[in-house]
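Here is a short report for someone meeting this structure for the first time. Please look over the sequence and the model, then read on.

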Amino acid sequence: MRTSKPHAEFAPAAYQGLLQIYRHTRSCGLEHGLLYLVELRASQLNGCVFCMDMHATEALQAGESPRRLHMLAGWREATVFTPRERAALAWTEALTELHRHQVSDALYAATLEHFTEQELADLTYAITLINAWNRLGVAFLPDVPAEAK
């Protein structure tokens, strides 16, 4: 851990703002299982070990298949993800890796084939949020909880 205090203690108003967005994304109607996949995939891309552990654990507790989580990094080749999940994962990768991908009109249109405009806005906020959490996790290196035995 790089600091003796959690980052939330240094910037409580900013932290509360992120929590407000989190509460919105959990109550907006998007499937929680879909959100776990998006959060885990963005965390993999960003190298945030704390978030990878947290979102994989949450997904498993919510009934997600370990097999699907093992294949998440290769979702393009895996046949176990629905078209809606695949659209969300493509959108996640484009928004997470802006330095490598631009959000093309074609990707936007393809994503709208599986999401309403409202859902796409909510999904985009969820992706924006996990990227913010990942940056905090990578910057401050919170301790990953010990594995339960």
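The report covers the nonpolar cores, the cysteines, the aromatic pairs and the salt bridges.

This is a predicted model, in which local features need pLDDT of at least 70 and side-chain atom pairs count only at pLDDT 80 or more, while totals for chains, interfaces and linings use all residues. Residues are numbered from 1 along each chain as its sequence is written, and side-chain values use heavy atoms, with hydrogens and water left out.

## Nonpolar cores

A nonpolar core is a set of buried Ala, Val, Leu, Ile, Met, Phe, Trp, Tyr and Cys residues joined through side-chain atoms within 4.5 Å. Buried means under 20% relative accessible area, exposed means over 50%, and partly exposed is in between (1.4 Å probe, protein chains only). Helices (H or I, at least four residues) and strands (E, at least two) are DSSP runs, numbered from the N terminus.

The largest core holds 26 residues. Phe 81, Trp 91, Phe 115 and Leu 123 have the most contacts inside it. Helices H3 (32-46), H6 (83-96) and H8 (117-140) each give two or more residues to this core. H6 supplies the largest share, 7 residues. Another core lies apart from it, with 8 residues, including Leu 18, Leu 19, Cys 48 and Trp 133.

Contact means heavy atoms within 4.5 Å. Leaving aside residues up to four places away in sequence, Phe 115 touches Leu 30, Leu 34, Arg 84, Ala 87, Ala 88, Leu 120 and Leu 123.

## Cysteines

How many disulfides does the structure hold? The count is 0. A disulfide is a pair of cysteine sulfur atoms within 2.5 Å. The sulfur of Cys 48 has its closest cysteine sulfur in Cys 51, 3.4 Å away, which is too far for a bond. Cys 48 is buried at 2% relative accessible area, and Cys 51 is buried at 3%.

## Aromatic pairs

Rings of Phe, Tyr and Trp (its six-membered ring) pair if their centres lie within 6.5 Å; planes under 30 degrees apart count as stacked, over 60 as edge-to-face and the rest as tilted. The count comes to 2 aromatic pairs.

Tyr 15 and Trp 133 have ring centres 5.7 Å apart and planes at 75°, so the pair is edge-to-face. The pair links helix H2 (residues 12-27) with helix H8, across 118 residues. Tyr 15 is partly exposed at 28%, whereas Trp 133 is buried at 18%.

Trp 91 and Tyr 108 have ring centres 6.0 Å apart and planes at 55°, so this pair is tilted. Trp 91 lies in helix H6 and Tyr 108 in helix H7, 17 residues apart in sequence. Trp 91 is buried at 5%, and Tyr 108 is partly exposed at 37%.

## Salt bridges

A salt bridge is a side-chain nitrogen of Lys or Arg within 4 Å of a carboxyl oxygen of Asp or Glu. The whole structure has 8 salt bridges, among them these:

| Pair | Closest N and O atoms |
|---|---|
| Arg 26 and Glu 39 | 2.9 Å |
| Glu 93 and Arg 41 | 2.8 Å |
| Arg 76 and Glu 93 | 2.9 Å |

Arg 26 in helix H2 and Glu 39 in helix H3 are 13 residues apart in sequence. Arg 26 is buried at 13%, and Glu 39 is buried at 5%.

Glu 93 in helix H6 and Arg 41 in helix H3 are 52 residues apart. Glu 93 is buried at 7%, and Arg 41 is buried at 9%. Arg 76 is partly exposed at 44%. Salt bridges that share partners also join Glu 31, Arg 84 and Glu 119 into one network.
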